[in-house]
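Subject: Structure handover

Hello,

Here is the structure you were waiting for. My notes on it follow below.

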Amino acid sequence: MTKKETYIWGAGHFGVLTALDLEQKGIQIKGFIDKNASKIKTRLGLPVLTFEQVPKNETKIIIAVQNKCAIREITQILSLAGLNQDKDFEISTLIAMPKEPFEFYRLKMFEPPMIKHLSVGLAEHCNLNCAYCDHYCPVAEHEFPSTKQFDLDFAVLSKLTNGTIGRINLVGGEPLLNPDITDIMQIVRKNIPNSEITITTNGILLAKMAEDFWNACKNNNISIVISQYPIKLDTNKICQTAIKYEVNVFWGILVGGNLFRMQKYNVNGTQDIYKSYKNCGTKGCTFLKNGKIYLCPQISCSKNLEKAFNVNFSVSSNDFLVLDNINSVQDILDFISKPSPFCRYCSTEDKCFVQWKVSERKREEWIL
Ligand code: SF4
Ligand code: SF4
């Protein structure tokens with residue numbers, strides 16, 4: 001019997017996820033079918049064809065689009081071409097995947113679409129050197145996005161969101177290292193006037209921050225969250241300054257003393273995407289850096305591991321949205337309500353808490 005050649009109908013984000021899922025199950029994909037084949041041309045190194053270009057004999061087609069009307073339309077086209085459901089074509093089983101609880105919640109409450117949480121990267125590196133850091137700062141180069149980039153990104157976000165995002169968290173690496181942090185705080189508040197804004201810091205620089213910084217926190221209603229690590233901070237000075245400038249400072253909660261979350265990465269990308277995503281504690285931590293929206297910071301920061309240890313995570317255009325190409329908040333919510341192809345690298349089922357320690361910048365701290 002001739003072996004059937006498998007094509008995925010749908011070369012978008014969902015088609016790519018389906019292809020990666022099938023490949024992990026040992027099913028080889030011959031190519032994609034998409035009405036925009038002339039524009040897209042290739043996905044995952046495979047050809048994107050129109051339906052007319054695909055041989056109809058000994059072919060199995062997996063429909064991987066999310067719009068129910070489109071599924072119905074494609075099913076009709078395939079049936080009219082003499083193909084039988086189940087035998088010659090089927091609908092991707094991933095379509096049954098439930099959306100994130102937040103999405104259900106939002107629909108239930110009939111609220112307008114809103115991004116619940118957005119982390120924004122202000123620095124690639126950090127002034128603390130934690131083993132297992134999940135932004136890989138100990139091996140990161142010193143790098144800050146430009147203030148101009150924040151201007152551009154937040155102007156777009158302002159239009160898209162009408163100035164409302166649940167919470168914006170300015171993070172790093174260590175965000176206080178960014179010499180333009182005061183300007184950035186103003187840019188964020190000017191464009192997103194209706195949201196809670198926080199800065200999450202390890203606190204090392206806090207007692208030394210200039211008056212401008214504290215005034216910017218006060219005037220822009222920005223709170224500070226200090227992640228607690230087993231390091232000495234001048235807590236008296238921090239508290240006194242916060243009281244003086246009327247700035248809220250929250251202390252992060254220690255997990256059982258000095259425990260720290262460790263998650264490793266499988267550079268072969270053979271983890272089950274959906275299991276990784278299901279077990280992941282980071283999803284919901286939507287991340288913005290340099291004009292791109294990611295499902296989580298790890299995807300953007302993975303370049304630090306790539307450079308330091310000469311590995312390749314193949315982050316592709318399916319792993320992020322380019323802000324300039326987004327038409328509505330719903331585009332972002334749809335994107336973050338499902339796994340990213342990058343989840344195939346995350347060994348989330350092995351994640352555990354370990355004693356905090358200083359990084360030795362060794363590959364085995366992050367890579368399986
Ligand atoms: S303080 Fe946070 S960002 Fe800095 S190295 Fe430690 S875990 Fe990473
Ligand atoms: S890529 Fe997916 S599994 Fe990995 S940390 Fe991000 S959300 Fe979690």
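A residue counts as near a molecule or strand if its C-beta atom, placed from the backbone, lies within 6 Å of it. This is a predicted model, in which local features need pLDDT of at least 70 and side-chain atom pairs count only at pLDDT 80 or more, while totals for chains, interfaces and linings use all residues. Residues are numbered from 1 along each chain as its sequence is written, with chains lettered from A and ligands numbered from 1 in the order in which they are written.

Ligands

Around ligand 1 are C126, L128, N129, C130, C133, H135, C137, G172, G173, E174 and N202. By class, this shell holds five nonpolar, five polar and one charged residue (Ala, Val, Leu, Ile, Met, Phe, Trp, Tyr, Cys and Pro count as nonpolar, Asp, Glu, Lys and Arg as charged, and the others, Gly among them, as polar).

Ligand 2 has 15 residues around it, of which S276, C280, C296, C343 and C346 come nearest. Its shell divides into nine nonpolar, five polar and one charged. At least two shell residues come from each of helix 9 (273-279), helix 10 (297-309) and strand 16 (346-355); helices (H or I, at least four residues) and strands (E, at least two) are DSSP runs, numbered from the N terminus.

An open sheet of mixed pairing has six strands in the order 3-4-2-1-5-6 (two strands pair if DSSP finds at least two bridges between them). Strand 3 (42-43) and strand 6 (89-91) are its edges, each pairing on one side only. Strand 1 (residues 5-9) runs parallel to strand 5 (residues 59-63), with five bridges, and T6 stands opposite K60 there. Strand 1 is also parallel to strand 2 (residues 29-33), through four bridges; Y7 has G31 as its bridge partner. Strands 3 and 4 (the latter residues 46-49) are antiparallel, with two bridges, and R43 is partnered by L46.

Core

The largest nonpolar core has 78 residues, and W9, I61, I63, L122, Y136, I168 and V188 touch the most other members. Helix 6 (residues 181-191) gives the largest share, five residues. Domain 1 (5-91) and domain 2 (117-365) each contribute at least three residues; the bounds come from an automatic or database domain assignment. A nonpolar core is a set of buried Ala, Val, Leu, Ile, Met, Phe, Trp, Tyr and Cys residues joined through C-beta atoms within 7 Å, where buried means that 20 or more other C-beta atoms, placed from the backbone, lie within 10 Å of the residue's own.

Regards

Key. A residue is buried if 20 or more other C-beta atoms lie within 10 Å of its own, exposed if 12 or fewer, and partly exposed in between; C-beta atoms are placed from the backbone.
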